Amino acid sequence: MAYHFYLFFSLSFLLFTSCPSNSQSNQFCEAGIGYSEAGCGISSSTKLLIKGGTVVNAHHQEVADVYVEDGIIFAVKPNLKVGDDVKVIDATGKFVMPGGIDPHTHLAMEFMGTESVDDFFSGQAAALAGGTTMHIDFVIPVNGSLIAGLEAYEEKAKKSCMDYGFHMAITKFDDIVSRDMEIVVKEKGINSFKFFLAYKGALMVNDELLLEGLKRCKSLGALAMVHAENGDAVFEGQKRMIQLGITGPEGHALSRPPVLEGEATARAIRLAGFVNTPLYVVHVMSIDAMEEIAKARKSGQRVVGEPVVSGLVLDDSGLWDSDFATASKYVMSPPIRASGHGKALQGALSNGVLQLVGTDHCAFNSTQKAFGIDDFRKIPNGVNGIEERMHLVWDTMVESGQISITDFVRVTSTECARIFNIYPRKGAIIAGSDADIIILNPNSSFEINARSHHSRTDTNVYEGRRGKGKIEVTIAGGRVVWENNEVKVVPGSGKYIETPPYNYLFSGIDKADASYLSSLNAPVKRSESTTSSGRHSY
């Protein structure tokens with residue numbers, strides 16, 4: 001399926017005065033394989049007035065106008081007056097909110113002998129169509145090298161069309177990795193490191209490495225993240241399924257049950273508590289894992305839980321579909337769980353046990369999924385979601401009354417900006433913030449299908465889902481990039497956003513360390529006679 005994304009030059013005008021408009025370019029850039037970047041450009045100056053909408057931030061909403069100039073929000077006030085030549089978007093009766101930030105994506109990821117089909121252009125174009133204006137992707141080291149991995153991802157991201165940041169995965173630990181962790185934090189703007197407790201023989205780390213990594217993260221003010229499944233037990237579970245003759249997609253879920261996610265989550269939480277450093281648990285998919293996070297947070301430990309939209313709204317019934325192509329598209333890790341887990345995760349999101357929603361967008365097409373037609377262990381793990389997240393969270397959580405509109409902004413944008421230390425540049429509609437804005441019509445509806453989505457994959461795990469609340473306009477960096485069901489972006493127009501260390505979760509860590517040391521009542525001073533000349537019994 002071919003999609004065309006249109007080169008977009010915004011008109012630049014003076015506020016309150018008029019001047020001749022800049023010329024517009026009508027060049028086209030295609031978001032397909034082999035599209036040309038030659039001649040594609042985008043204007044840097046935009047002036048917009050979003051008028052009459054209800055402006056929603058994470059803790060407040062009000063009817064106001066939003067004036068944008070050169071990619072920055074200039075003013076948020078009722079009844080702003082501007083010249084007739086300023087581009088005006090009428091948002092009356094609609095919600096004006098910060099663009100979504102997806103904390104968990106894998107674009108152009110080399111994995112399980114193939115590469116995810118959405119790159120830093122098609123995946124981002126899909127995101128913009130769904131109201132997400134920034135994402136944070138995971139850099140995978142090259143042969144354990146952080147710097148080589150980062151260079152590879154910097155090359156992949158040259159075609160980006162919206163703002164993005166990076167997390168860094170850690171797959172081994174030695175003096176070189178320790179040094180490179182400091183380099184990427186202090187010089188490259190990466191404040192988070194991910195440790196895979198699953199994927200034995202590939203990405204998985206053991207407890208010794210995890211402990212070293214947690215200590216290094218703490219020393220750098222970087223956030224430790226974990227994919228929490230017991231990789232050794234999963235490997236055993238996979239062997240068990242094969243021995244039982246269960247080779248189809250259902251074997252994937254059966255080989256890695258919720259108890260293994262719960263165990264790894266508990267272990268990671270306890271080790272992070274032992275080191276006294278914050279922990280971020282990615283893609284929380286089960287009641288088992290959620291309950292461990294709830295218990296830790298209740299005790300005062302700094303643990304962040306991230307559900308992903310597939311875990312919130314789907315159940316595992318699709319994995320038992322008689323058609324392999326249908327069943328295999330649902331294969332991801334941790335697996336989509338049985339009915340009941342999703343509802344529990346929704347409840348945890350609504351009551352604050354879980355803090356923000358990602359996607360784990362890692363899309364593979366049906367041809368790639370067919371690599372495992374005779375062995376579920378060879379099915380590339382991953383589902384789509386970068387385009388669907390905002391709509392599904394609104395319909396599932398807001399329309400049902402489980403969270404408020406301000407909470408919607410918090411879990412889809414603001415909390416992510418706070419955790420990764422880019423608030424209020426991102427995640428807010430206030431003067432001085434980046435003009436990453438969406439306009440959502442609560443009275444309009446959406447429908448999801450593979451025919452109309454903007455991902456390059458030929459399937460969609462949310463196929464046929466309908467709901468209320470349609471994002472009608474997306475503005476990224478002050479440019480209208482989604483309007484009238486058209487994406488208007490070009491490769492190379494996105495920006496890399498550095499994420500500084502020492503986010504709010506690190507506040508008070510030093511005091512806690514000092515309190516711990518003072519509580520030890522050790523070492524005990526002992527007289528020399530009791531250690532060297534005392535009586536001994538044998």
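Begin by selecting helix α7 (residues 258-275), which lies across β14 (223-227), β15 (279-281) and β16 and runs at about 170° to β15; helices (H or I, at least four residues) and strands (E, at least two) are DSSP runs numbered from the N terminus, and angles run from 0 to 180 degrees between N-to-C directions, with axes as lines fitted to C-alpha atoms, for helices over the stretch in contact. The model is predicted, with local features needing pLDDT of at least 70 and side-chain atom pairs counting only at pLDDT 80 or more, while totals for chains, interfaces and linings use all residues. Residues are numbered from 1 along each chain as its sequence is written, and side-chain values use heavy atoms, leaving out hydrogens and water.

Next, select the sheet, in which seven strands follow the open order β8-β11-β12-β13-β14-β15-β16 with parallel pairing, two strands being paired if DSSP finds at least two bridges between them. At the edges are β8 (100-105) and β16 (303-305), each of which pairs on one side only.

Within the sheet, show strand β11 (residues 132-139) beside strand β12 (residues 163-170), a parallel pair with six bridges, where D163 in β12 is the bridge partner of M134.

Finally, select helix α3 (residues 175-186) and helix α4 (residues 207-220), whose axes come within 11 Å and cross at roughly 35°. Here S178, M181, E182 and V185 in α3 meet G213, R216, C217 and L220 in α4.

Technical notes
Contact means heavy atoms within 4.5 Å.
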